Amino acid sequence: MASNAVEDPSGADIESAVGTFNESRSRLFGIAYRMLGSVAEAEDIVQEAWLRWQQTDRSNVRNPAAFLTTITARLALNSASSARVRREQYVGSWLPEPVDTSADPSLGAETAEALDAAVLMLLEKLSPEHRAAYVLREAFGYSHEEIAGILATTPANARQLFSRAKKHVQSNRKEPVDPAEHRALLEAFVAAARNGDVKQLEQVLAGDVVSTSDGAGIAPRAARRPVIGRDDVARFVAGWASWWTDTTLTWLETNGHASVLVTRGDEALALLSISTSRSGIDQLLWVMAPDKLSHVTP
């Protein structure tokens, strides 16, 4: 992007276009990321939105923020449709790409809704239209009328899309514990995992806990299928206690929650995050795919 003002074919200077776009950039990325669960894909969407904004006759745009939101959401809708096909062919389990939220806790939203990795996994099971309606309404506070304009549908249908999506999320989501307890559970789990202590592991795991690993078919330790149930997960995790030998733990905040990055030397091995409830740890999410770790490596 140019640092000095120059004239573009539409007659508006690029410097002004850059400034207007940058005011919305964080929100645009936040929308695209929540819809796609991928930092790389969200960045591509934002870049494409910039190119379209640059090529638009901006003198006819009355509300630049709304215009940019519409472009971004529609691009993300198209990308989500093709991503679903790609993920059906994904080797092993697919998990959202973690994003560092320590610097920007809300990624351009007034709330951190739909940033939790477990929620992103639930949204992944919905159609792109349902996902968009939920993200725009729940995370960014758009009205049903505004969402209807963005999705090129009626306000009544936009309301229905959101209602169904919210019902899906709420019915499959347990009430999480507070951040301090969340961090304590993760710390206790890591300590028990490093010691291979099955009993200690069982004490922090919920009865219906699910351990999911995303290695993209590359990481050797990533299980191809989820491991389900307290007993099986505890034994599975304890069985590779030696994996933790000579590793370094870096505590981060990703997707709004405490997580831990496991490295050995200069190699990032895994980003571990959890979802929790009063029952303990409900989900263990092991992101081991090298490409997905590139955004969180210290």
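Biologist: Leaving aside its neighbours within four places in sequence, which residues is S79 in contact with?

Modeller: S79 touches L36, E41 and I45, where contact means heavy atoms within 4.5 Å. Before we go on: this is a predicted model, where local features need pLDDT of at least 70 and side-chain atom pairs count only at pLDDT 80 or more, while totals for chains, interfaces and linings use all residues. Residues are numbered from 1 along each chain as its sequence is written, and side-chain values use heavy atoms, leaving out hydrogens and water.

Biologist: What makes S79 buried?

Modeller: Its relative accessible area is 16%, and buried means under 20% (exposed is over 50%, partly exposed is in between, with a 1.4 Å probe and protein chains only). So S79 counts as buried. S79 sits in helix α3; helices here are DSSP runs of H or I with at least four residues, strands are runs of E with at least two, and both are numbered from the N terminus.

Biologist: And why is A66 called partly exposed?

Modeller: A66 has 34% relative accessibility, so it counts as partly exposed. A66 is in helix α3 too.

Biologist: Let's turn to α5. How do you know that its length agrees with what a helix should span?

Modeller: The expected span is 1.5 Å times one less than the number of residues. The 12 residues of α5 should therefore span 16 Å, and its end C-alpha atoms are 16 Å apart, which agrees.

Biologist: Why are α5 and α6 called oblique to each other?

Modeller: Helix α5 (residues 128–139) and helix α6 (residues 144–151) pack at about 140°, with axes 10 Å apart. Axes are lines fitted to C-alpha atoms, for helices over the stretch in contact, and angles run from 0 to 180 degrees between N-to-C directions. Under 35 degrees is roughly parallel, over 145 roughly antiparallel, 65 to 115 roughly perpendicular, and the rest oblique. The pair is therefore oblique. Meeting there are E129, A132, A133, L136 and R137 of α5 and H144, I147, I150 and L151 of α6. By class, that contact has 6 nonpolar, 1 polar and 2 charged residues.

Biologist: How do those classes work?

Modeller: Ala, Val, Leu, Ile, Met, Phe, Trp, Tyr, Cys and Pro are nonpolar, Asp, Glu, Lys and Arg are charged, and the others, Gly among them, are polar.

Biologist: What makes α1 and α5 oblique?

Modeller: They pack at about 135°, with their axes 9 Å apart, and are therefore oblique to each other. The contact is made by I31, R34 and M35 of α1 and P128, R131, A132, V135, L136 and A139 of α5. It has 7 nonpolar, no polar and 2 charged residues.

Biologist: At what angle do α1 and α2 pack?

Modeller: About 145°, with axes 9 Å apart; α2 covers residues 39–55. The residues of that contact divide into 16 nonpolar, 2 polar and 3 charged.
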